[in-house]
Amino acid sequence: MTDQWIQRPEGGGRPILVLMTGFARFCGRAAARVIVAVVAFYFMWRRGPERRASRAFLARVFGRPARFTEGYRHILRFSQVTLDRIYLLDEGLDRFEIETTGLEQVHEMVAHGRGLLLFGAHFGSYEVTRALGLTRPDLKFRTVIDLGQAPAMSQLLNSLNPELAATVIDSRQAGTGVALAIKDALDQRALVAMLVDRVRPGGRSIDAQFLGDTAAFPAAPWEIAVVLGVPVVLCFGTYLGGNRYHLHFEAVAERIVRERSGGRPLAEWVQHFADRLAARVQAAPYNWFNFYDFWAR
């Protein structure tokens, strides 16, 4: 089922998250990463569904059964990127080396006086893109985030940086609230970032070939792009190890036109996204953070 992800409970509780955040801020990143290595092992031991999903995914990418150490490395990478969210929100980009590719395309589109949609996935770091917005006053960022999926973590991270928290559009708003908030942000020439690889319960999906099999992707983001008529840019923030991240921006279209108006079917746009995401995943598989059976029908 495509809604497996929303059924998984949040890892840890608020007291543990507060304690870990306090330790990370007081003792520094090096010490915190040692603790995170232990936490990742505990998570791998305790969370059977996520462990099995990780190893199944790695086997798909590697073309062979994944080793225990590879499964641990996958979950450790997720834990390290999660830890870095604390520093990115609390301190910005100061302690990190951020490489960017394709950012000039974003500047060109914004220079035309239009907002745009940044489509990403649960791959690498979403927070790097958000933090980039604080260092670029010429770029106004808004992010669409499901604050209800991991409420304790969301509340804690938002408390670290109220300025960034104010830019969040909660995807669990009722009715048309999300679409209206996105339109309002785009009208203000904002870059609206959203993750477009998970289908919400009850949401329409579009099938695409992804890493050798059929997977379901949400239709709603692409339908929003059609209705609002704004440029679409892909954005992936890959963790490279150490304190290095790479932000890759790739323009998809100046405008996505309805098929009946001479445009391409939405399925073709979704397949294009799936292909570009697959290329990123194959280059850096440990950055894939969908710990459930992504291909379940």
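**Close-up views of aromatic pairs and nonpolar cores**

**View 1. Phe57 and Trp288 in a predicted model.** Phe57 and Trp288 are both buried (under 20% relative accessible area, with a 1.4 Å probe and protein chains only; exposed is over 50%, partly exposed in between). The model is predicted, with local features needing pLDDT of at least 70 and side-chain atom pairs counting only at pLDDT 80 or more, while totals for chains, interfaces and linings use all residues. Residues are numbered from 1 along each chain as its sequence is written, and side-chain values use heavy atoms, leaving out hydrogens and water.

**View 2. The stacked pair of Phe57 and Trp288**. The structure holds 23 aromatic pairs (ring centres of Phe, Tyr or Trp, the last by its six-membered ring, within 6.5 Å; stacked under 30 degrees between planes, edge-to-face over 60, the rest tilted). One of them, Phe57 with Trp288, is stacked at 5.5 Å centre to centre, with 20 degrees between the planes. Phe57 belongs to helix H4 (residues 48-62) and Trp288 to the segment after H12, so the pair ties together parts 231 residues apart in sequence. Helices are DSSP runs (H or I, at least four residues), numbered from the N terminus.

**View 3. The ring cluster.** Ring pairs link Phe57 and Trp288 into a cluster whose members include Phe119, Phe210, Phe217 and Tyr292.

**View 4. The largest nonpolar core**. Among its 50 residues, Leu117, Ile182, Phe210, Phe217 and Leu277 touch the most other members. Helix H12 (residues 266-283) supplies the largest share, eight residues. Such a core is a set of buried Ala, Val, Leu, Ile, Met, Phe, Trp, Tyr and Cys residues joined through side-chain atoms within 4.5 Å.

Definitions and conventions:
Helices (H or I, at least four residues) and strands (E, at least two) are DSSP runs, numbered from the N terminus.
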